[in-house]
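Trainee: I have a new model open and would like to go through it with you. Could we start with the overall layout and then get into the details?

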Amino acid sequence: MNMFSKIALTGLALSLSSFASAAVSGSTDFRVILPEVLVLYHWDDVVLNLTADSIAQNDSTLTRTGTAELGTTTATIDSPAINTDANADILSTSIKVTLKDAWAVRNLSNTNGVQLQLTNPNPTLISTIDQTSSLTTSGAVLESTSDKVTGSKTAATLNILSGWAPVTGDIVFDLDLSNANSAGEYNTRGASGTTGAGAVGSEATDSFLLTLTSAAAP
């Protein structure tokens, strides 16, 4: 093989090598749009059992003395009157009630997150045996220690940042016993038993209502 043939073959090899190393590429942009998702967990039914011992209050500091004539058929000792001040205040003060971890929220929302609001639409609890005897709930607020809650952590409305990890909290309120005149169950309906489990079936008569909504878009 002469020198010119060798040069030609070498040139062909270099040309084929250049074609073999050529390449092209393309890319695909994949996108996902997640929907807004709000999840509210809450207690459906709560019973507070208040306990107390019956009391025998001995007014031992006084001796009552009366006088009656022998042979009489009646005798009355009436002074001084019995002192009823002891234990009189057990129904006169409100009880601060905490429903611990009574709610939780998950949410995928905008950067402003969501708002959880608590209302107390039915504050009066009526005795199931005496419709004139009642208790009252008032001052209901939400409380949470989560760092996902922005602004006040104790309020009727909490602002919660977007995030799928659950944010939990309490319901706190005052229970006034001053109008109670009967033992037994008290509820908003004045009839024994629960309203029954359900998503919205008992909202009309329940004591507290939780509402979870999207915060205003940024």
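Mentor: This is a predicted model, and its protein chain has one helix and eleven strands. Read from the N terminus on, the elements run α-β-β-β-β-β-β-β-β-β-β-β.

Trainee: What share of the 218 residues is buried?

Mentor: Buried residues make up 22% of the 218 residues in the protein chain. As for the contacts with a separation of 6 or more, residues 24 or more positions apart account for 75% of them.

Trainee: OK, sheets next. Which strands form the open sheet, and in what order?

Mentor: The open sheet is formed by four strands in the order β6-β8-β3-β11, and the pairing is antiparallel. Its edge strands are β6, at 149–150, and β11, at 209–214, each of which pairs on one side only.

Trainee: How many bridges join β3 to β11?

Mentor: Six bridges join them, with β3 covering residues 114–119 and the two strands running antiparallel. Within that pairing, glutamine 117 has threonine 211 of β11 as its bridge partner, and although these two residues are 94 apart in sequence, their C-alpha atoms are 5.1 Å apart in space.

Trainee: And what else does threonine 211 touch, leaving aside its neighbours within four places in sequence?

Mentor: With those neighbours set aside, threonine 211 is in contact with Gln115, Leu116 and Gln117. Threonine 211 counts as partly exposed because its relative accessibility is 31%, which falls between the limits of 20% for buried and 50% for exposed.

Trainee: Changing topic: how many salt bridges does the structure hold?

Mentor: The structure holds two. In one of them aspartate 174 is joined to lysine 96, with the closest N and O atoms 3.1 Å apart; this pair links distant parts of the chain, since aspartate 174 lies in strand β9 and lysine 96 in strand β2, 78 residues apart.

Trainee: Where does the pair of lysine 100 and aspartate 170 sit, then?

Mentor: The side chains of lysine 100 and aspartate 170 meet in a salt bridge at 3.4 Å, N to O. This pair also links distant parts of the chain, with lysine 100 in strand β2 and aspartate 170 in strand β9, 70 residues apart.

Trainee: What about exposure? Is lysine 100 buried or exposed, and is aspartate 170 buried or exposed?

Mentor: Lysine 100 counts as exposed because its relative accessibility is 54%, whereas aspartate 170 is buried, with a relative accessible area of 7%.

Trainee: How many bridges pair β2 with β9?

Mentor: β2 and β9 pair in the antiparallel sense over nine bridges, and in that pairing tryptophan 103 has glycine 169 of β9 as its bridge partner. β9 is also joined to β5, by six bridges and again antiparallel, with leucine 142 partnered by isoleucine 171 in β9.

Trainee: Which elements give two or more residues to the lining?

Mentor: The elements that do so are β1 (37–42), β2 (95–108), β5 (134–143), β9 (163–176), β10 and β11.

Notes
Residues are numbered from 1 along each chain as its sequence is written. This is a predicted model: local features need pLDDT of at least 70, side-chain atom pairs count only at pLDDT 80 or more; totals for chains, interfaces and linings use all residues. Side-chain values use heavy atoms; hydrogens and water are left out. Two strands pair if DSSP finds at least two bridges between them. A salt bridge is a side-chain nitrogen of Lys or Arg within 4 Å of a carboxyl oxygen of Asp or Glu. Buried means under 20% relative accessible area, exposed over 50%, partly exposed in between (1.4 Å probe, protein chains only). Contact means heavy atoms within 4.5 Å.
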